[in-house]
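The following exercises concern a single protein model. Please study the sequence and the structure before reading each solution.

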Amino acid sequence: YEKIMIMAIDIGCLLGKFEEIKDCLSIYRNNTQLNQVNSLENAISHLLSILEDNFYKTYDKIKNPEEVFVEINEQNDCQSYLFCLMSYQTGDIKELIKSSWRSLVWFYESIVDLLYLSPRLEDIYSKFAKSIISNYVKFKAVSDFKNLCLKLKDHQIDIIKNSKESSTVKNIRSYDSNSKLYDLKQFQLLSCENLGLTQMSLNLLKEIQQLQTLCKRRAEFYYDYYLKLSEVFFKGGFMLFHALSLNQVILEMIKLKINASEIQKTSNSLILAYLSISNTSEETFIESGSIDNYHVLLGSTMNKDQLFGFMEEKIIGLASQEYKTLFNICSGKGDIFEFSKDITEALSQISPEYSKYTKLIQNNCLEFVFDIIQRFYTKIKFEDLKMFTSFVSFEIVKKMMLVSKIDPKSKLIINFSEQYIEFKQEKSNQSIIQRAVNDFYKNSKLAVNKTRCNKSGLLEN
């Protein structure tokens with residue numbers, strides 16, 4: 001029967017009878033799924049090899065095939081490609097590539113639709129889905145990849161619904177079935193990262209979380225899940241949620257009794273992630289509804305202040321000494337005059353594996369310095385400013401000043417000709433000195449030596 005099926009596929013492809021091929025495959029699936037799954041796999045592989053060969057023959061004829069996929073990604077309506085072909089006697093080479101790609105995509109989607117429900121076809125369902133995803137990533141077919149992800153999501157919903165009502169479909173609560181779907185979702189997630197689709201990654205993590213809740217809780221599932229979640233949040237710039245994810249990773253590591261050195265590394269990452277949170281992190285600009293969704297993904301409702309308290313109580317003790325020191329410096333437990341020196345030394349001790357956090361922490365330290373010195377200075381020369389910002393090049397400081405100047409809420413006035421910056425002061429009955437001192441001790445933990453302040457002229461009116 002397999003030879004007959006392959007012959008039918010050959011004839012159908014030659015005549016362009018795609019619907020008939022799909023019907024034949026559906027019948028053949030029903031006849032083979034009990035004890036001849038390999039035969040069905042061979043038939044599908046043969047069909048895809050013909051279609052992919054046809055596509056490559058046209059693809060190789062064009063000099064810049066990437067341009068075709070730019071057009072394909074910009075146009076979601078599949079019928080438009082058929083219309084383009086019908087408008088010509090023979091379509092130009094671009095239209096031929098589009099036509100062969102559309103045929104391939106149509107069969108890709110038809111095949112996963114044929115395979116997803118039967119528990120006996122789990123392995124080949126996962127195999128072909130991964131193969132299709134790999135092709136989409138290879139050609140950067142973003143639009144088709146998104147459509148496939150939505151289709152696979154619908155499959156998962158359908159499997160969950162039907163597994164409650166029938167014994168003929170896969171049991172999603174079985175660890176074997178669940179783990180195979182979980183593995184496929186992980187592959188999708190990796191592909192999303194390769195294509196730079198942060199929001200799609202978050203949607204996939206929500207699907208993964210749904211799988212985890214249906215099967216008996218397994219700590220290794222959650223450990224991997226939160227690790228992936230932290231990576232996605234970092235790439236998306238959601239630093240608060242990145243830090244919260246790492247916090248969850250540590251809790252799962254403790255449950256799994258992972259060795260202390262690995263827990264220490266993750267604790268170091270959490271400290272650096274927390275110190276990277278700023279007013280420009282992406283979570284600052286999203287709607288409250290999205291924030292609630294992200295908290296659901298995390299299984300935690302902690303905010304930044306609560307995370308700080310939890311870290312001081314539970315996490316800091318697990319980290320390496322150099323990262324504890326950095327945390328204390330950035331938390332304001334030091335001398336403002338020594339801050340630049342201390343932070344330079346502390347940042348120099350950060351391991352290269354955590355280098356992705358260095359620039360973010362430097363920017364936050366700059367904001368911290370500006371916030372502190374404006375409480376005491378009405379005006380400060382560039383040369384004096386360098387004393388407080390020596391942990392970065394002054395060109396970076398200048399760029400930050402220019403960005404601050406654009407901000408309508410900024411209190412900064414920059415005079416490049418005379419090389420100084422001036423801070424706008426709010427009107428008040430209190431003297432500048434009194435306001436500065438009150439604000440400083442109210443809002444900062446930094447210990448300031450008043451004698452040094454007076455000698456340096458820091459408290460001059």
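**Exercise 1.** Determine which residues Ile421 is in contact with, leaving aside its neighbours within four places in sequence.

*Solution.* In this predicted model, the contacts of Ile421 include Phe370, Thr378, Lys379, Ile380 and Phe382. Further along the sequence, Ile421 is also in contact with Leu385, Met401, Leu412, Ile413 and Ile414. Next, consider the nonpolar core: the largest one has 128 residues, and Ile421 is listed with Trp101 and Leu115 as having the most contacts inside it.

**Exercise 2.** Identify the strands that pair with strand S3 (residues 420-423), and state how they run.

*Solution.* Begin with strand S1 (residues 379-381), which pairs with S3 in the antiparallel sense over three bridges. Within this pairing, Ile421 of S3 is the bridge partner of Ile380. Then take strand S2 (residues 412-415), which is joined to S3 by four bridges and also runs antiparallel to S3. Here Leu412 has Phe423 as its bridge partner in S3. Finally, examine the hairpin of S2 and S3: four residues lie between the strands, and Gln419 takes a positive phi near 60 degrees.

**Exercise 3.** Is Ser230 buried or exposed? Describe its surroundings.

*Solution.* First, locate Ser230 in helix H11 (residues 219-236). Second, compare its relative accessible area of 3% with the cut-off for buried residues, which is under 20%. Ser230 is therefore buried. Third, follow its side chain, which reaches the backbone oxygen of Leu227 at 2.6 Å. Last, not counting residues up to four places away in sequence, Ser230 touches His242, Ser245 and Leu246.

Technical notes
Residues are numbered from 1 along each chain as its sequence is written. This is a predicted model: local features need pLDDT of at least 70, side-chain atom pairs count only at pLDDT 80 or more; totals for chains, interfaces and linings use all residues. Side-chain values use heavy atoms; hydrogens and water are left out. A nonpolar core is a set of buried Ala, Val, Leu, Ile, Met, Phe, Trp, Tyr and Cys residues joined through side-chain atoms within 4.5 Å. Buried means under 20% relative accessible area, exposed over 50%, partly exposed in between (1.4 Å probe, protein chains only). Contact means heavy atoms within 4.5 Å. Helices (H or I, at least four residues) and strands (E, at least two) are DSSP runs, numbered from the N terminus. A polar contact is a pair of N or O atoms within 3.5 Å; within protein, one must be able to donate a hydrogen and the other to accept it, and residues adjacent in sequence count only if both atoms are side-chain atoms. Two strands pair if DSSP finds at least two bridges between them.
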